[in-house]
Each structure stands twice: as C-alpha cells, then as structure tokens.
Amino acid sequence: MGNVATRKRPGCHHTTVRNEENNDEEDGPARKRLRIGETHIENEYQKLAFKSRLQKLKKCRPHLKRRTYKVEEADPRPPLPRFIVDDYDNYEKPEPTRKEFAIPWFEHLFLPEFPTRSVINEKSFILERQLGRGSFGVVYCASAIHDSERKFAIKMQEKREIISKRAVLQVKREASIQRLLPAHPFIARTYSTWQTRTHLYSLLQYPTGSTGDLFSVWRQRGSLSEAAIRLIGAELASAIDFLHRNDVIYRDVKLENVVLDQWGHALLIDFGLAKKLKQGSSTGTICGTLQYMSPDVASGHTYSHYVDWWSLGVLLHILLTGIYPYPNSEATHHANLKFIDYSTPIGCSREFANLMDRMLAVSQTHRLCSFTVLHAHPFFRTINFSKIEQKDYTPASEIGNAEYDTYHQNDETLDDTLFKENYEFDRFDYFNDRF
Ligand SMILES: Nc1ncnc2c1ncn2[C@@H]1O[C@H](COP(=O)(O)OP(=O)(O)OP(=O)(O)O)[C@@H](O)[C@H]1O
C-alpha cells in the first residue's frame, strides 16, 4: 500500500481516502498539482480535472482540435453621421462602396472610359430635339436643367448594338481620344462620358445656333463660294494639323463630320475612326468612307497622317464642284476604287484648281501632304492662320455667294438622292487587329 492522502472537500463532510497511485491514474497531473497547496477549493479541482481529461481525450482523438475564430477587423470607414429624429427623412444612407458589389460585365466592358457613377448624368439635361443618327444611336440637342441657355449635344449609344457589331474597342477609343485632346476652336469637345445599364452617353460641345452639318448646308445651298471654301478649308486644316501634332490620325474627314455654328465656323465631330499614332509612324487598317479614301489606304499598304489631307481635298472639291474628283460614286469596296480620270476643276480660280491638283495627286511625290505646304499655298495666301484660330473671320457671310458655274459639271454630277445614297451606304469601315 502506498501513501495515503486525506482531504476534506468543501461542502462535503465525509473524508475520502484515496490511493495516490489510483488517483494519479484517475485524475492525472491535475490531482498531483492539487496536492501542492493542499488548500485549493473544490471547483478549481474540478476545472483542472476536466482539463486533464480533455488533454487525454485529445491524445486519443487528435482531430478534435480547438476551433479558431477569425476576429473581424475593425471597419475602417468612419462611423455613420449621427442624426436627430427630425432629420430622419433627410438622412441619406451612404452609397455602398464599389468593393461590396461585383460589377456586371456589360458595365465593366466600357470602363474606365464610361464611368458608371457620374456626377453629370442624363438626369442633368433636358433633351430637346434629335440632331442626327449614328451607327449605334442618336445624337440630341440638350439643355442643362439648371441653365436652359446652355446647349449641348448628347450622343446616346446602345450597348447592345455596340457589342453585337464588335465595336467596343472603337467606341472606347473614340471617347478616350476626344477626352484627352486639348481644346481647339474647330474640334468638338467631349465634356463628360458615362454609362447606364443599357446606354453609353457622351456630352459634347454643341456649336452655337448650329445650322447643321456641312452636308446639309451644301445640299440646301448648293456649291459654296471660293471665299467660303477658303475659310472653312483653313479652319479644317488648322484642326487636322492640331490633331496630327497631338499624335492623332483622324481618318474620316467628310461633309457629315463637320458641323457649322451660326457664324459658319466649322467644328469637327465623330472620332470613331481616329487613332493615336505618333508622327512618323504608320498604320495599315483599311477604314474610312470610300469616296474620301486615299489611294494609300485603299491599296492596303501602310500609311500615315498625310491621308487626312487627301480626304480634305475631296471635301473641298465637292464643296465647289458638287462632284467627286475621281469616278468612284458607284464603288462598294475599296478594291474597286479607281484613281484615274481626274480632271482639274474648271470655272474656278487658278489657285483653287492648282490646290486640287496638288491635294488629289495620286503620286505622293506630287501630292500636298502637310500643313506647312498647304499654309503656304497661293489659295490661302490671303488668310492669316492665327486670325483663323481666333475666329476673326466669318465664313457665314461668304456661304451662299456661289460663283461656281454649274454648267461645268460633268456626268459625275450627283443629284441629291444619288449623293445621299453614296454617303449613307458606302461607308466602308472594318476593323482588324491593326486598328
Ligand atoms: N457635337 C455635335 N453637334 C451638333 N451635331 C452633332 C454633334 N455630334 C453629332 N452631331 C450630329 O449627329 C450626327 C451623328 O453623329 P456622329 O457622326 O458623331 O455619330 P456616330 O455614332 O459617331 O456616327 P457614325 O456612324 O458616323 O460613326 C452627325 O452627322 C451630326 O449631324
């Protein structure tokens, strides 16, 4: 028989005698520890005994591990502002942070060019009338809700159309190029862009008292005077040169993409085919409007910024003569474009005729391919280009004073319907990886 320990438990009047070895077996180290002070209270003893049993149990069943709980980190957001009961109706629950929601793919697709939450949005404007229709939606004239005198153009494009025509990249590129461009007097500014679930919106500069696009003006009034063409041509040349200096190739100079304000000043719109391209670099996508397409683009070879000067030449030629410089009105594919049978316009000034010959020369060595050369051309001799940018001239006073003799127009002369058809249906722009 070993040592016998006698212990009186609190609340227990009988004395229990135990064999220590037996106790050790039963209660293990807990019992041993209890013996040290000899004065521990009953519940402490129970606690230790329980612990000891637990340890034993763990040894047999190691999977019974203690569960750990992740302690929530303190919310980093500041506490909600306190409000008094009277203010309850005015109290606005703070917007949930972006992290809390997944962004749907049809919104994500157009980020960051078209933000989902914008201070300026469609509710800030009253749509007044339709200005025109583009490939993916409608352009409206709108006035600001708080200032009905301020007019804007709002381009509203359908996401569904854009996605189905695989033009997401094109639309995003258009928005970013326009937004990043510094201001220029003859380029429509993009003030803001945003998106809803179904539409993309662009808030654009609207030309004061606009008389419509150059195509409508040309259609209503017929050929423009050389004086008007000189001013509008100089304004557009200044805009194109500005784009090139900012490493942008425009690729879609045409009558429909120029809108006029009440003084006849030009404003270049629609950057759908524009591309960031460093000066001296080249690109190869065949895109644009067939009748304005330069031989370099149509050939499928690489080309650079100079193709915009060709298209400007076509535009000026149409403004005066009402016909395309090359017989391409029937073309439906870039491979069918013919750059033969050009004849110098007759019944116009020698300077204008020479300008056309130079801008529309098929051979690049003879072609006018830069602003510097255009600026120095005799047709623009009377123009001070810094005054042009200050809008010191008024093209509207010259529009309508056409001197051009329509007698000189040949068979390629376009009547209204034919002209419109060619414009609306022959637009040929497809995109590939090089775009
Ligand atoms: N800033 C503006 N001010 C006045 N009218 C405008 C403006 N922007 C567009 N418009 C009118 O809306 C029409 C369509 O606009 P725009 O060409 O920019 O649309 P789009 O969707 O880019 O068309 P596209 O199919 O030619 O790419 C224009 O021809 C013009 O009449």
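## What sits over α6

The cover over the buried residues of α6 includes β5 (147-158), α5 (159-164), β6 (190-195), β7 (199-205), β9 (248-249) and β12 (275-276). Cover here goes by contact, meaning heavy atoms within 4.5 Å. Helices (H or I, at least four residues) and strands (E, at least two) are DSSP runs, numbered from the N terminus.

Before going on, note that this is a predicted model: local features need pLDDT of at least 70, side-chain atom pairs count only at pLDDT 80 or more, and totals for chains, interfaces and linings use all residues. Residues are numbered from 1 along each chain as its sequence is written, and side-chain values use heavy atoms, with hydrogens and water left out.

Which residues of α6 are buried? They are V168, Q170, V171, K172, E174, A175, I177 and Q178. Buried means under 20% relative accessible area, exposed means over 50%, and partly exposed is in between (1.4 Å probe, protein chains only).

## The whole chain

Overall, the chain has 14 helices and 14 strands. Of its 435 residues, 44% count as buried. Among contacts between residues at least 6 apart in sequence, 66% join residues at least 24 apart.

UniProt, in an unreviewed entry, places "domain: Protein kinase" at residues 125-380; such annotations may be inferred rather than shown by experiment. That span is 32% helix and 22% strand, and its end C-alpha atoms lie 41 Å apart.

## Two residues up close

L131 is part of strand β3 (residues 125-133). Not counting residues up to four places away in sequence, L131 touches V139, Y140, C141, A153 and Y206. Its C-alpha is also 7.9 Å from that of G212, 81 residues away along the chain.

The structure holds 0 disulfides (pairs of cysteine sulfur atoms within 2.5 Å). C369 is in none, and the nearest cysteine sulfur, that of C287, is 17 Å away.

How do these two residues score for accessibility?

| Residue | Relative accessibility | Class |
|---|---|---|
| L131 | 37% | partly exposed |
| C369 | 23% | partly exposed |
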